[in-house]
Amino acid sequence: MFSSVLSAAIYGVEAVLVRVEADVSDGLPCFAMVGYVSSQVKEAQDRVRTALRNTNLALPPKRITINLAPADLRKDGSWFDLPVAAAVLGAMGKIPGNSMENTMVAGELGLNGAIQSVSGILPMVLKAKEIGCTKCIIPKGNENEGKVVAGIQIIAVDSLSQFIAFCNMKEPLATEPELQINIETSQADYDVDFADVHGQEAVKRAALIAAAGFHNLLMIGPPGTGKTMIAKRIPTILPMMAQQEQLEVTRIYSVAGLLPEGAALLTRRPFRAPHHTISPQALAGGGRVPQPGEVTLAHRGVLFLDELPEMGKRSMEVLRQPLEEREITVSRLYGTARFPATTMLVGAMNPCACGYYPDLNKCCCTPTSLNSYAGKISQPLLDRLDLCVEVPAISYRDLRKNKESPMNSQQMRQAVEKALDIQKERYRSLDICFNSEITGADLNEFCVLDVGAQKLLEQIFDKMGLSARAYHRILKTARTIADLAGSEVIQKEHLSEAVCYRSPDKNFWRI
(Lines give C-alpha, C1' and ligand atoms only; values in the text may rest on other atoms or scores of the structure.)
Protein backbone atom coordinates (compact mmCIF):
# COMPACT_ATOMS: atom_id res chain seq x y z
CA MET A 1 0.00 0.00 0.00
CA PHE A 2 1.25 3.49 -0.90
CA SER A 3 1.09 6.72 1.11
CA SER A 4 2.55 10.22 0.67
CA VAL A 5 3.18 13.11 3.09
CA LEU A 6 4.44 16.65 2.47
CA SER A 7 7.49 18.00 4.30
CA ALA A 8 10.37 20.35 3.50
CA ALA A 9 14.15 20.63 3.41
CA ILE A 10 16.09 23.75 4.37
CA TYR A 11 18.60 25.34 1.97
CA GLY A 12 20.07 28.60 3.15
CA VAL A 13 17.14 30.26 4.90
CA GLU A 14 14.53 28.96 2.47
CA ALA A 15 12.41 25.81 2.62
CA VAL A 16 12.19 23.47 -0.38
CA LEU A 17 9.20 21.15 -0.77
CA VAL A 18 9.92 17.43 -0.16
CA ARG A 19 7.38 14.63 -0.65
CA VAL A 20 7.88 11.68 1.69
CA GLU A 21 6.52 8.54 0.01
CA ALA A 22 6.08 5.15 1.69
CA ASP A 23 5.26 1.75 0.25
CA VAL A 24 4.55 -1.36 2.35
CA SER A 25 4.56 -4.57 0.30
CA ASP A 26 5.20 -8.30 0.57
CA GLY A 27 8.80 -9.44 0.43
CA LEU A 28 11.82 -9.87 2.62
CA PRO A 29 11.39 -7.73 5.75
CA CYS A 30 13.47 -4.55 5.45
CA PHE A 31 13.25 -0.79 5.93
CA ALA A 32 14.90 1.00 3.00
CA MET A 33 15.25 4.77 2.53
CA VAL A 34 16.12 6.30 -0.83
CA GLY A 35 16.10 9.76 -2.34
CA TYR A 36 19.60 11.21 -1.76
CA VAL A 37 19.33 11.26 2.02
CA SER A 38 22.08 11.95 4.54
CA SER A 39 23.08 9.53 7.28
CA GLN A 40 21.16 11.74 9.72
CA VAL A 41 17.95 11.16 7.76
CA LYS A 42 18.67 7.43 7.37
CA GLU A 43 18.79 7.15 11.15
CA ALA A 44 15.08 8.04 11.11
CA GLN A 45 14.22 4.42 10.30
CA ASP A 46 15.50 3.25 13.70
CA ARG A 47 13.84 6.10 15.56
CA VAL A 48 10.54 5.52 13.73
CA ARG A 49 10.61 1.76 14.28
CA THR A 50 11.33 2.10 18.00
CA ALA A 51 8.88 4.97 18.53
CA LEU A 52 6.07 2.99 16.86
CA ARG A 53 6.83 -0.07 18.96
CA ASN A 54 6.74 2.00 22.16
CA THR A 55 3.39 3.40 20.98
CA ASN A 56 2.06 -0.17 20.69
CA LEU A 57 2.22 -0.14 16.89
CA ALA A 58 4.85 -2.62 15.74
CA LEU A 59 5.88 -2.59 12.08
CA PRO A 60 4.73 -5.62 10.10
CA PRO A 61 7.38 -8.08 8.77
CA LYS A 62 7.17 -6.65 5.26
CA ARG A 63 9.27 -4.68 2.83
CA ILE A 64 8.99 -0.97 3.67
CA THR A 65 10.43 1.50 1.16
CA ILE A 66 10.68 5.23 1.87
CA ASN A 67 11.41 7.70 -0.91
CA LEU A 68 12.09 11.40 -0.35
CA ALA A 69 11.38 13.21 -3.60
CA PRO A 70 12.79 14.96 -5.54
CA ALA A 71 15.63 12.43 -5.65
CA ASP A 72 18.25 14.92 -6.90
CA LEU A 73 17.90 17.16 -3.81
CA ARG A 74 20.10 16.45 -0.81
CA LYS A 75 18.04 15.94 2.37
CA ASP A 76 19.45 16.60 5.80
CA GLY A 77 17.93 17.18 9.23
CA SER A 78 15.99 15.36 11.94
CA TRP A 79 12.60 16.90 11.12
CA PHE A 80 11.85 14.10 8.60
CA ASP A 81 11.16 11.62 11.45
CA LEU A 82 7.49 12.51 11.85
CA PRO A 83 6.76 12.70 8.09
CA VAL A 84 8.36 9.27 7.63
CA ALA A 85 6.27 7.84 10.49
CA ALA A 86 3.13 9.46 9.06
CA ALA A 87 3.80 8.02 5.59
CA VAL A 88 4.43 4.54 7.04
CA LEU A 89 1.26 4.71 9.16
CA GLY A 90 -0.72 5.78 6.10
CA ALA A 91 0.69 2.90 4.04
CA MET A 92 -0.17 0.48 6.88
CA GLY A 93 -3.72 1.82 7.03
CA LYS A 94 -3.34 3.04 10.61
CA ILE A 95 -4.37 6.58 9.68
CA PRO A 96 -6.79 7.66 6.91
CA GLY A 97 -5.15 8.60 3.64
CA ASN A 98 -7.06 11.87 3.38
CA SER A 99 -5.87 13.04 6.83
CA MET A 100 -2.60 14.26 5.25
CA GLU A 101 -4.16 16.18 2.35
CA ASN A 102 -2.95 19.80 2.04
CA THR A 103 -0.87 19.26 5.18
CA MET A 104 2.84 19.74 5.83
CA VAL A 105 4.45 17.70 8.60
CA ALA A 106 7.75 18.15 10.45
CA GLY A 107 9.14 16.90 13.74
CA GLU A 108 11.79 14.74 15.39
CA LEU A 109 10.83 11.52 17.19
CA GLY A 110 12.17 10.30 20.48
CA LEU A 111 12.46 6.58 21.10
CA ASN A 112 9.51 6.77 23.51
CA GLY A 113 7.29 8.35 20.87
CA ALA A 114 7.69 11.93 22.06
CA ILE A 115 7.88 14.60 19.35
CA GLN A 116 10.85 16.93 19.83
CA SER A 117 11.11 20.51 18.61
CA VAL A 118 13.31 21.15 15.58
CA SER A 119 14.97 24.10 13.86
CA GLY A 120 13.68 25.75 10.71
CA ILE A 121 9.94 25.56 11.43
CA LEU A 122 9.20 29.17 10.42
CA PRO A 123 10.48 28.87 6.82
CA MET A 124 8.65 25.52 6.51
CA VAL A 125 5.33 27.04 7.57
CA LEU A 126 5.88 29.97 5.21
CA LYS A 127 6.55 27.50 2.40
CA ALA A 128 3.43 25.50 3.30
CA LYS A 129 1.29 28.62 3.08
CA GLU A 130 2.93 29.57 -0.22
CA ILE A 131 2.04 26.22 -1.89
CA GLY A 132 -1.54 26.29 -0.62
CA CYS A 133 -1.46 23.96 2.39
CA THR A 134 -4.29 24.50 4.86
CA LYS A 135 -2.53 23.19 7.97
CA CYS A 136 0.87 22.27 9.40
CA ILE A 137 1.55 19.58 12.00
CA ILE A 138 4.59 20.56 14.04
CA PRO A 139 6.10 19.81 17.48
CA LYS A 140 4.49 21.41 20.52
CA GLY A 141 7.75 23.18 21.32
CA ASN A 142 7.59 25.07 18.00
CA GLU A 143 3.95 26.12 18.35
CA ASN A 144 4.52 29.84 18.92
CA GLU A 145 7.05 29.99 16.10
CA GLY A 146 4.61 28.36 13.69
CA LYS A 147 1.70 30.58 14.68
CA VAL A 148 3.62 33.65 13.61
CA VAL A 149 2.38 32.91 10.08
CA ALA A 150 -1.25 33.97 9.66
CA GLY A 151 -3.69 32.24 7.35
CA ILE A 152 -2.70 28.62 8.00
CA GLN A 153 -3.81 26.24 10.77
CA ILE A 154 -1.06 25.11 13.11
CA ILE A 155 -1.53 21.71 14.80
CA ALA A 156 1.02 21.26 17.61
CA VAL A 157 1.52 17.71 18.91
CA ASP A 158 3.84 16.40 21.61
CA SER A 159 3.66 12.62 21.03
CA LEU A 160 3.18 10.10 18.26
CA SER A 161 0.08 8.69 19.95
CA GLN A 162 -1.47 12.17 20.01
CA PHE A 163 -0.63 12.58 16.31
CA ILE A 164 -2.31 9.26 15.45
CA ALA A 165 -5.39 10.09 17.53
CA PHE A 166 -5.72 13.45 15.78
CA CYS A 167 -5.43 11.89 12.31
CA ASN A 168 -8.15 9.36 13.22
CA MET A 169 -10.31 12.16 14.70
CA LYS A 170 -10.43 10.33 18.01
CA GLU A 171 -8.81 13.17 19.96
CA PRO A 172 -9.56 16.63 18.56
CA LEU A 173 -6.81 18.94 19.69
CA ALA A 174 -7.77 22.04 21.63
CA THR A 175 -7.51 24.96 19.25
CA GLU A 176 -6.00 28.01 20.86
CA PRO A 177 -6.69 31.50 19.53
CA GLU A 178 -4.45 32.50 16.66
CA LEU A 179 -1.30 34.20 17.88
CA GLN A 180 -1.58 37.94 17.67
CA ILE A 181 1.69 39.46 16.51
CA ASN A 182 2.28 42.58 18.52
CA ILE A 183 4.44 44.99 16.58
CA GLU A 184 5.83 47.24 19.25
CA THR A 185 6.08 50.89 18.42
CA SER A 186 8.26 51.81 21.38
CA GLN A 187 11.92 50.96 21.70
CA ALA A 188 12.74 47.86 23.71
CA ASP A 189 14.31 48.39 27.10
CA TYR A 190 18.11 48.14 27.20
CA ASP A 191 20.47 47.89 30.12
CA VAL A 192 22.88 50.36 28.52
CA ASP A 193 22.56 53.96 27.36
CA PHE A 194 24.70 56.50 25.53
CA ALA A 195 24.38 58.70 28.61
CA ASP A 196 26.89 56.33 30.25
CA VAL A 197 29.56 57.49 27.80
CA HIS A 198 31.37 60.55 29.19
CA GLY A 199 32.87 62.84 26.59
CA GLN A 200 33.43 61.49 23.06
CA GLU A 201 30.66 63.70 21.67
CA ALA A 202 32.22 63.64 18.20
CA VAL A 203 32.21 59.84 18.19
CA LYS A 204 28.61 59.76 19.39
CA ARG A 205 27.73 62.11 16.53
CA ALA A 206 29.33 59.63 14.10
CA ALA A 207 27.34 56.78 15.69
CA LEU A 208 24.16 58.85 15.30
CA ILE A 209 24.81 59.35 11.58
CA ALA A 210 25.67 55.66 11.12
CA ALA A 211 22.41 54.60 12.78
CA ALA A 212 20.32 57.13 10.84
CA GLY A 213 21.46 55.76 7.48
CA PHE A 214 22.56 52.23 8.45
CA HIS A 215 26.13 53.10 7.47
CA ASN A 216 29.26 51.11 8.30
CA LEU A 217 31.46 52.68 10.98
CA LEU A 218 35.14 52.29 11.91
CA MET A 219 36.47 53.65 15.22
CA ILE A 220 40.22 54.14 15.68
CA GLY A 221 41.72 54.96 19.04
CA PRO A 222 44.02 53.86 21.86
CA PRO A 223 42.85 51.18 24.31
CA GLY A 224 40.38 52.18 27.02
CA THR A 225 38.80 55.11 25.17
CA GLY A 226 35.29 53.65 24.93
CA LYS A 227 35.18 52.09 21.44
CA THR A 228 33.54 48.85 22.61
CA MET A 229 31.30 50.76 25.00
CA ILE A 230 29.98 52.93 22.17
CA ALA A 231 29.50 49.98 19.81
CA LYS A 232 27.37 48.10 22.35
CA ARG A 233 25.07 51.11 22.66
CA ILE A 234 24.39 51.57 18.94
CA PRO A 235 21.42 49.13 19.01
CA THR A 236 19.75 51.39 21.59
CA ILE A 237 19.37 54.16 18.99
CA LEU A 238 18.34 51.99 16.03
CA PRO A 239 14.61 52.00 15.14
CA MET A 240 12.36 49.08 15.99
CA MET A 241 12.17 46.45 13.28
CA ALA A 242 9.10 46.39 11.04
CA GLN A 243 7.10 43.15 10.87
CA GLN A 244 8.83 42.05 7.65
CA GLU A 245 12.24 42.62 9.22
CA GLN A 246 11.22 40.65 12.29
CA LEU A 247 10.17 37.75 10.08
CA GLU A 248 13.49 37.87 8.21
CA VAL A 249 15.55 37.82 11.41
CA THR A 250 13.39 35.17 13.09
CA ARG A 251 13.66 32.94 10.03
CA ILE A 252 17.47 33.12 10.15
CA TYR A 253 17.63 32.29 13.85
CA SER A 254 15.11 29.49 13.37
CA VAL A 255 17.27 27.86 10.68
CA ALA A 256 20.41 28.32 12.81
CA GLY A 257 18.70 26.72 15.82
CA LEU A 258 19.29 29.86 17.90
CA LEU A 259 15.66 30.85 18.45
CA PRO A 260 14.92 30.94 22.20
CA GLU A 261 12.65 28.14 23.39
CA GLY A 262 8.98 29.04 23.01
CA ALA A 263 9.80 32.27 21.16
CA ALA A 264 7.55 33.65 18.44
CA LEU A 265 9.12 36.73 16.83
CA LEU A 266 12.46 38.37 17.58
CA THR A 267 11.77 42.07 18.02
CA ARG A 268 15.21 43.41 18.93
CA ARG A 269 17.75 44.10 16.23
CA PRO A 270 20.62 41.59 16.44
CA PHE A 271 23.98 42.55 17.89
CA ARG A 272 26.76 40.09 17.13
CA ALA A 273 30.31 40.49 18.42
CA PRO A 274 32.43 37.48 17.38
CA HIS A 275 36.02 37.07 18.64
CA HIS A 276 38.74 38.33 16.33
CA THR A 277 40.05 34.77 15.87
CA ILE A 278 36.86 33.79 13.99
CA SER A 279 37.35 31.74 10.83
CA PRO A 280 36.12 32.88 7.39
CA GLN A 281 33.58 30.03 7.36
CA ALA A 282 32.13 30.99 10.74
CA LEU A 283 31.94 34.63 9.66
CA ALA A 284 30.39 34.17 6.22
CA GLY A 285 28.62 30.86 6.76
CA GLY A 286 29.47 27.42 5.52
CA GLY A 287 29.71 23.77 6.40
CA ARG A 288 28.92 20.66 4.37
CA VAL A 289 25.30 21.76 4.50
CA PRO A 290 25.67 25.57 4.51
CA GLN A 291 24.58 27.27 7.72
CA PRO A 292 24.32 31.02 8.34
CA GLY A 293 27.43 32.75 9.67
CA GLU A 294 27.88 35.77 11.91
CA VAL A 295 27.30 38.23 9.06
CA THR A 296 23.88 36.72 8.40
CA LEU A 297 23.06 36.38 12.10
CA ALA A 298 23.59 40.15 12.29
CA HIS A 299 21.10 40.75 9.43
CA ARG A 300 19.11 43.96 10.05
CA GLY A 301 21.34 44.62 13.06
CA VAL A 302 24.93 45.32 14.08
CA LEU A 303 28.02 43.21 13.46
CA PHE A 304 30.74 44.47 15.81
CA LEU A 305 34.31 43.44 15.01
CA ASP A 306 36.73 44.47 17.73
CA GLU A 307 40.50 44.44 17.19
CA LEU A 308 39.90 44.48 13.44
CA PRO A 309 43.58 44.25 12.33
CA GLU A 310 44.05 41.17 14.54
CA MET A 311 41.56 39.22 12.42
CA GLY A 312 42.86 36.84 9.79
CA LYS A 313 43.35 38.32 6.34
CA ARG A 314 40.89 35.89 4.74
CA SER A 315 38.28 36.61 7.41
CA MET A 316 38.46 40.34 6.73
CA GLU A 317 38.37 40.00 2.97
CA VAL A 318 35.34 37.71 3.09
CA LEU A 319 33.38 40.77 4.24
CA ARG A 320 33.72 42.47 0.86
CA GLN A 321 30.83 40.74 -0.89
CA PRO A 322 28.20 41.06 1.86
CA LEU A 323 29.07 44.71 2.53
CA GLU A 324 28.60 45.52 -1.16
CA GLU A 325 25.81 43.16 -2.25
CA ARG A 326 24.04 42.63 1.13
CA GLU A 327 23.94 38.92 0.40
CA ILE A 328 26.29 35.95 0.79
CA THR A 329 26.37 33.08 -1.68
CA VAL A 330 27.87 29.86 -0.31
CA SER A 331 28.52 27.06 -2.82
CA ARG A 332 29.12 23.53 -1.63
CA LEU A 333 29.13 20.05 -3.16
CA TYR A 334 25.46 19.50 -2.30
CA GLY A 335 24.20 22.84 -3.57
CA THR A 336 24.32 26.61 -3.35
CA ALA A 337 22.75 28.61 -0.53
CA ARG A 338 22.08 32.35 -0.38
CA PHE A 339 21.99 34.14 2.93
CA PRO A 340 20.77 37.72 3.49
CA ALA A 341 23.39 40.08 4.90
CA THR A 342 21.96 43.59 5.27
CA THR A 343 24.27 44.31 8.16
CA MET A 344 25.65 47.44 9.78
CA LEU A 345 29.36 46.77 10.30
CA VAL A 346 30.94 48.52 13.28
CA GLY A 347 34.70 48.02 13.54
CA ALA A 348 37.13 49.07 16.26
CA MET A 349 40.92 49.09 16.19
CA ASN A 350 43.99 50.53 17.82
CA PRO A 351 46.06 52.96 15.74
CA CYS A 352 49.14 50.72 16.03
CA ALA A 353 50.33 47.48 17.57
CA CYS A 354 51.09 49.06 20.96
CA GLY A 355 47.93 51.17 20.73
CA TYR A 356 49.25 54.68 21.40
CA TYR A 357 50.21 56.20 18.05
CA PRO A 358 50.47 59.18 17.37
CA ASP A 359 51.45 59.90 21.03
CA LEU A 360 55.20 59.57 20.58
CA ASN A 361 55.76 59.71 24.35
CA LYS A 362 53.96 56.36 24.69
CA CYS A 363 54.16 54.75 21.24
CA CYS A 364 57.12 52.43 20.79
CA CYS A 365 56.33 51.34 17.23
CA THR A 366 58.73 51.85 14.32
CA PRO A 367 57.55 53.35 11.02
CA THR A 368 57.80 49.90 9.46
CA SER A 369 55.60 48.31 12.11
CA LEU A 370 53.10 51.18 11.81
CA ASN A 371 52.73 50.59 8.09
CA SER A 372 52.58 46.84 8.60
CA TYR A 373 49.82 47.13 11.22
CA ALA A 374 47.69 49.52 9.16
CA GLY A 375 48.33 47.46 6.03
CA LYS A 376 46.45 44.51 7.51
CA ILE A 377 43.25 46.27 6.43
CA SER A 378 43.07 46.55 2.66
CA GLN A 379 41.94 49.64 0.80
CA PRO A 380 38.98 47.83 -0.85
CA LEU A 381 37.67 47.01 2.63
CA LEU A 382 38.25 50.58 3.83
CA ASP A 383 36.29 51.89 0.86
CA ARG A 384 33.28 49.93 2.12
CA LEU A 385 33.35 51.69 5.50
CA ASP A 386 31.25 54.84 5.20
CA LEU A 387 32.47 56.58 8.36
CA CYS A 388 35.90 56.50 9.95
CA VAL A 389 36.34 58.38 13.24
CA GLU A 390 39.14 58.81 15.74
CA VAL A 391 38.35 58.07 19.38
CA PRO A 392 40.77 60.17 21.45
CA ALA A 393 41.84 59.46 25.00
CA ILE A 394 39.27 60.82 27.43
CA SER A 395 40.24 63.63 29.78
CA TYR A 396 40.14 63.39 33.56
CA ARG A 397 37.56 66.18 33.69
CA ASP A 398 35.16 64.32 31.37
CA LEU A 399 35.69 61.07 33.23
CA ARG A 400 34.80 62.62 36.59
CA LYS A 401 31.64 64.32 35.37
CA ASN A 402 28.62 63.25 37.41
CA LYS A 403 25.96 64.92 35.32
CA GLU A 404 24.26 63.05 32.51
CA SER A 405 25.72 63.36 29.04
CA PRO A 406 23.93 65.87 26.80
CA MET A 407 23.39 63.07 24.28
CA ASN A 408 21.53 60.04 25.63
CA SER A 409 20.02 57.12 23.71
CA GLN A 410 16.46 58.44 23.80
CA GLN A 411 17.39 61.80 22.30
CA MET A 412 19.60 60.20 19.68
CA ARG A 413 16.92 57.65 18.79
CA GLN A 414 14.36 60.42 18.26
CA ALA A 415 16.73 62.11 15.78
CA VAL A 416 17.31 58.77 14.02
CA GLU A 417 13.59 58.05 13.72
CA LYS A 418 12.94 61.53 12.34
CA ALA A 419 15.59 61.00 9.64
CA LEU A 420 14.22 57.55 8.85
CA ASP A 421 10.71 58.93 8.38
CA ILE A 422 12.15 61.16 5.67
CA GLN A 423 13.86 58.17 4.05
CA LYS A 424 10.70 56.05 4.13
CA GLU A 425 8.79 58.76 2.32
CA ARG A 426 11.58 59.26 -0.22
CA TYR A 427 11.93 55.56 -1.06
CA ARG A 428 8.29 54.52 -0.66
CA SER A 429 8.10 53.19 -4.24
CA LEU A 430 11.50 51.43 -4.12
CA ASP A 431 12.95 48.42 -2.34
CA ILE A 432 15.17 50.67 -0.21
CA CYS A 433 14.97 51.18 3.55
CA PHE A 434 18.08 53.27 4.33
CA ASN A 435 20.34 55.76 2.57
CA SER A 436 23.19 53.25 2.61
CA GLU A 437 21.17 51.07 0.20
CA ILE A 438 20.98 53.68 -2.57
CA THR A 439 22.34 52.22 -5.80
CA GLY A 440 24.83 54.05 -7.99
CA ALA A 441 22.16 54.59 -10.65
CA ASP A 442 19.91 56.43 -8.16
CA LEU A 443 22.56 58.66 -6.56
CA ASN A 444 22.00 61.62 -8.90
CA GLU A 445 18.25 61.50 -8.23
CA PHE A 446 18.35 61.26 -4.44
CA CYS A 447 21.65 62.99 -3.58
CA VAL A 448 21.11 66.44 -5.05
CA LEU A 449 23.93 68.88 -4.24
CA ASP A 450 23.73 72.64 -4.08
CA VAL A 451 26.27 74.74 -6.00
CA GLY A 452 28.73 75.04 -3.10
CA ALA A 453 28.65 71.32 -2.40
CA GLN A 454 29.23 70.51 -6.08
CA LYS A 455 32.35 72.69 -6.20
CA LEU A 456 33.69 71.22 -2.96
CA LEU A 457 33.14 67.65 -4.15
CA GLU A 458 34.96 68.36 -7.39
CA GLN A 459 37.95 69.72 -5.45
CA ILE A 460 38.23 66.89 -2.93
CA PHE A 461 37.76 64.07 -5.45
CA ASP A 462 41.21 64.55 -7.00
CA LYS A 463 42.88 65.91 -3.88
CA MET A 464 41.94 62.88 -1.75
CA GLY A 465 42.33 60.39 -4.60
CA LEU A 466 38.90 58.91 -4.03
CA SER A 467 37.78 55.72 -5.69
CA ALA A 468 34.34 55.59 -7.29
CA ARG A 469 33.11 53.49 -4.35
CA ALA A 470 34.41 56.00 -1.78
CA TYR A 471 32.82 58.82 -3.78
CA HIS A 472 29.44 57.08 -3.68
CA ARG A 473 29.68 56.41 0.04
CA ILE A 474 30.53 60.04 0.79
CA LEU A 475 27.37 61.08 -1.05
CA LYS A 476 25.25 58.56 0.87
CA THR A 477 26.67 59.76 4.19
CA ALA A 478 26.07 63.39 3.21
CA ARG A 479 22.47 62.45 2.32
CA THR A 480 21.97 61.10 5.84
CA ILE A 481 23.52 64.19 7.44
CA ALA A 482 21.17 66.36 5.38
CA ASP A 483 18.20 64.24 6.50
CA LEU A 484 19.21 64.72 10.14
CA ALA A 485 19.24 68.46 9.48
CA GLY A 486 15.87 68.30 7.69
CA SER A 487 17.32 69.52 4.38
CA GLU A 488 16.10 68.17 1.05
CA VAL A 489 19.27 69.32 -0.74
CA ILE A 490 22.79 68.36 0.33
CA GLN A 491 24.52 71.57 1.30
CA LYS A 492 28.21 72.37 1.57
CA GLU A 493 28.33 71.87 5.36
CA HIS A 494 26.67 68.45 5.05
CA LEU A 495 29.20 67.33 2.46
CA SER A 496 32.09 68.76 4.48
CA GLU A 497 31.11 66.70 7.52
CA ALA A 498 30.78 63.57 5.38
CA VAL A 499 34.25 64.15 3.94
CA CYS A 500 35.68 64.56 7.45
CA TYR A 501 34.59 61.00 8.20
CA ARG A 502 36.80 59.83 5.33
CA SER A 503 39.82 61.82 6.53
CA PRO A 504 41.00 59.96 9.66
CA ASP A 505 42.05 56.91 7.64
CA LYS A 506 44.55 59.10 5.78
CA ASN A 507 46.44 59.53 9.07
CA PHE A 508 47.04 55.79 9.34
CA TRP A 509 46.97 54.48 5.74
CA ARG A 510 49.48 55.95 3.31
CA ILE A 511 47.68 55.66 0.00
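**Entry 1: around Leu68**

I began with Leu68 and looked up its contacts, skipping neighbours within four places in sequence. Leu68 touches Val18, Arg19, Val20, Met33, Val34, Gly35, Val37, Val41, Lys75 and Phe80. A reminder to myself: this is a predicted model.

**Entry 2: the cores**

Next I asked which core is the largest nonpolar one and who sits in it. That core has 66 residues, and Leu68 is among those with the most contacts inside it, along with Ile66, Val88, Met124, Ile137, Leu160 and Phe163. Helix 3 (residues 81–92) provides the largest share of this core, nine residues. I also found a second, separate core of 57 residues, which includes Leu217, Val346, Ile460 and Ile474. I noted the general background too: in soluble globular proteins, nonpolar side chains tend to be buried together.

**Entry 3: the largest pocket**

Then I turned to open space. The largest pocket holds about 900 Å³. Its lining has 38 residues, and Arg300, Ile432, Cys433, Phe434 and Glu437 are the closest to its centre. By class I listed 14 nonpolar, eight polar and 16 charged residues in that lining. Which helix gives the most to the lining of the largest pocket? Helix 17 does, with five residues. Helix 9 (243–255), helix 13 (320–325) and helix 20 (468–485) are among the helices that each supply at least two.

**Entry 4: the cavities**

The largest cavity has a volume of about 40 Å³. Ala9, Ile10, Tyr11, Arg74, Lys75, Asp76 and Val289 line the largest cavity, and I sorted that lining into four nonpolar, no polar and three charged residues. Lys75 was already in my notes as a contact of Leu68.

Key
Residues numbered from 1 in each chain as written. Predicted model: local features only at pLDDT ≥ 70, side-chain atom pairs only at ≥ 80, totals over all residues. Heavy atoms only, no water. 1 Å grid on protein atoms, 1.4 Å probe; cavity = no way out; pocket = protein on both sides within 12 Å on 5 of 7 lines; lining within 4 Å. Points joined across faces, edges and corners; volume = space filled by probe spheres on them. Nonpolar A, V, L, I, M, F, W, Y, C, P; charged D, E, K, R; others polar. Helix = DSSP H or I, 4+ residues; strand = E, 2+ residues; numbered from the N terminus. Core = buried A, V, L, I, M, F, W, Y, C linked by side-chain atoms within 4.5 Å. Buried < 20%, exposed > 50% of the residue type's maximum accessible area, 1.4 Å probe, protein only. Contact = heavy atoms within 4.5 Å.
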